[in-house]
Amino acid sequence: MSIGKVILGAALLAGTTTSALAADRARATLSCKALPSPEFAYDCTVDLANARTGAPLEGATIILGADMPSMPMVHNVPPFEFKAGDKPGRYQTHIQLDMYGPWAIKLRIAGPLRDEVVAVYQFGPEGSEARKRGGAGGKSEPQPAAKPGQLRH
Ligand SMILES: [Cu+2]
């Protein structure tokens with residue numbers, strides 16, 4: 001029994017899996033605007049499309065989860081569900097964070113297709129801004145070191 005055969009088999013399987021998923025991915029564009037009050041509340045819109053065809057995805061369920069990659073286990077933000085917005089493929093919700101800074105936003109999508117999209121956005125007094133992905137887990141971004149007992153909220 002050759003190791004070569006096993007590796008080839010694994011490579012073929014990986015290739016098949018990748019292309020099958022690629023046909024079914026969603027493209028989600030998130031944009032959040034700060035609400036006048038309360039603090040750290042945002043009105044968020046997602047434009048959802050089939051990544052392969054570009055067609056808007058209607059009738060989807062989208063659940064948003066938020067966490068701070070720089071502060072694991074510190075925040076406990078509940079999930080928020082989007083409702084249909086004012087045009088095909090557009091969804092809308094209000095979310096409540098508890099501080100400004102970089103948030104990893106996870107969108108769990110179900111309905112016409114199933115997908116999970118995660119991206120880091122910088123949330124500030126105006127709204128959200130997509131962050132450029134630098135290496136693994138955004139480690140290239142300078143972050144103030146979080147010392148125990150000195151987390152600022
Ligand atoms: Cu935090």
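Student: Where is the place of P38?
Tutor: This is a predicted model, to be clear. P38 sits in the loop between β1 (26-34) and β2 (41-50).

Student: What is the peptide bond from S37 to P38, cis or trans?
Tutor: Cis. Omega for that bond is near -10°.

Student: And F40, where is that found?
Tutor: In the loop between β1 and β2. F40 is not a glycine, yet its phi is positive, about 65°.

Student: New topic. Which loop is M73 found in?
Tutor: The loop between β3 and β4.

Student: What about the phi of M73?
Tutor: Positive, about 75°, although M73 is not a glycine.

Student: Why does M73 count as exposed?
Tutor: Because M73 has 7 C-beta neighbours inside 10 Å, and 12 or fewer means exposed.

Student: Where is P69 found?
Tutor: P69 is in the loop between β3 (61-67) and β4 (80-81). P69 is partly exposed, with 16 other C-beta atoms within 10 Å.

Student: How many residues apart in sequence are P69 and W103?
Tutor: They are 34 residues apart.

Student: And how far apart in space are P69 and W103?
Tutor: 6.7 Å, C-alpha to C-alpha.

How values were computed
Residues are numbered from 1 along each chain as its sequence is written. This is a predicted model: local features need pLDDT of at least 70, side-chain atom pairs count only at pLDDT 80 or more; totals for chains, interfaces and linings use all residues. Helices (H or I, at least four residues) and strands (E, at least two) are DSSP runs, numbered from the N terminus. A residue is buried if 20 or more other C-beta atoms lie within 10 Å of its own, exposed if 12 or fewer, and partly exposed in between; C-beta atoms are placed from the backbone.
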